[in-house]
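Have a look at it first, then read on.

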Amino acid sequence: CSTGIPFDGGLRCLCWKILLNYLPLEKALWSSLLKKQRDLYSQFLKEMIIQPGIAKANLGVSREDVTLEDHPLNPNPDSRWNTYFKDNEVLLQIDKDVRRLYPDMAFFQRPTDYPCLLILDPQNEFETLRRRVEQTTLKSQTVARNRSGVTNVSSGSPLKTTPSSLNEYEVLPNGCEAHWEVVERILFIYAKLNPGIAYVQGMNEIVGPLYYTFATDPNSEWKEHAEADTFFCFTNLMAEIRDNFIKSLDDSQCGITYKMEKVYSTLKEKDVELYLKLQEQNIKPQFFAFRWLTLLLSQEFLLPDVIRIWDSLFADDKRFDFLLLVCCAMLTLIRDQLLEGDFTLNMRLLQDYPISDVHLILKKAKELQDSK
């Protein structure tokens, strides 16, 4: 795997599931485990997406004495409405981020071949997350307009929204959903199940390549369950890197600041001249390495290259030590330019990394690893 997994036959999807500890090494256990996990995921959907929608509909319709029932203004922290509104804040942030996933690729805007029938069942008309976002956004726009003294938005004039909002992409017909909506659901369920960390911007960049890989699996039986499988692999991967996303741990040994410093101490070991140059120009690792490390380089390269880097990363038993070496390799490969450049030029190089041949970078990282 570390030398790059061939795309043929869905081999990468299978290898990643094993490397991310989703599938056990014992092949005979695979089908029962997959069934169990996928059923569990369906359960999450029912409890966290379908149920709140039904509860909201039922609570909202009842016109009896609301003082006895739960209602939108109920201040009680256990109120289901309270939870619903809190969830909406997280959902709006996720929504903003997932709509922007890999804008140069059409994939995430395209409809999936396997929409979630549990939620999109026309018989039940359950509220999808997209619908929920649309309602929340329209409500807040109406309120904003009323407050600024403008008369109520009449039903006759549709609200004009900015291009960056809801109608930026074509709306798919009922019963269809785009791949980005699936990613949104995965992140929303993750946030609900992990309230300690919830959702932090950037997680969308980690889930994107995983989901893309599973949703393009040539084996249709596996492809159909890309959502559930991505969710569990993402959860396992986050268990290893979540400390990078927790601000209070930044300066602890497991936090991101420590790892960024480690990039520089490794560089000092391997190339002291380059290290001193960056120090002298006061180019701190947080200016560039924060993004490199936190997002596992998913923002620095095109998606196929990110996937290739992840093959090597997941295959390494000390995967995040290897990531530090990849970052060092990236620095040493542009050392001549960095040694000549001034602060502004070097910052531009580091924030928009120039080398696109990832094989060169991985080869260099391997050399650094073997020279220890």
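**Notes on the predicted model**

1. The protein has a mean pLDDT of 83, and 78% of its residues reach 70 or more; pLDDT is the predictor's confidence in each residue, from 0 to 100. This is a predicted model, in which local features need pLDDT of at least 70 and side-chain atom pairs count only at pLDDT 80 or more, while totals for chains, interfaces and linings use all residues. Residues are numbered from 1 along each chain as its sequence is written, and side-chain values use heavy atoms, leaving out hydrogens and water.

2. Please take care with two stretches. Over residues 61-68 pLDDT stays under 50, and the model has 1 contact (heavy atoms within 4.5 Å) beyond four places in sequence for them. Residues 142-167 also stay under 50, with 19 such contacts. Where pLDDT is low, the predicted coordinates should not be read in detail.

3. Now the overall picture: the secondary structure comes to 17 helices and 0 strands (DSSP runs, H or I of at least four residues for helices and E of at least two for strands, numbered from the N terminus). Of the 372 residues, 46% count as buried, meaning under 20% relative accessible area with a 1.4 Å probe, protein chains only.

4. Arg 308 is buried yet has no salt bridge (a side-chain nitrogen of Lys or Arg within 4 Å of a carboxyl oxygen of Asp or Glu). Its nearest side chain of opposite charge, Asp 311, is 4.4 Å away. Leaving aside residues up to four places away in sequence, Arg 308 touches Ser 2, Thr 3, Gly 4, Val 358, His 359 and Leu 362.

Conventions:
Buried < 20%, exposed > 50% of the residue type's maximum accessible area, 1.4 Å probe, protein only. Lys, Arg positive; Asp, Glu negative; His and termini not counted.
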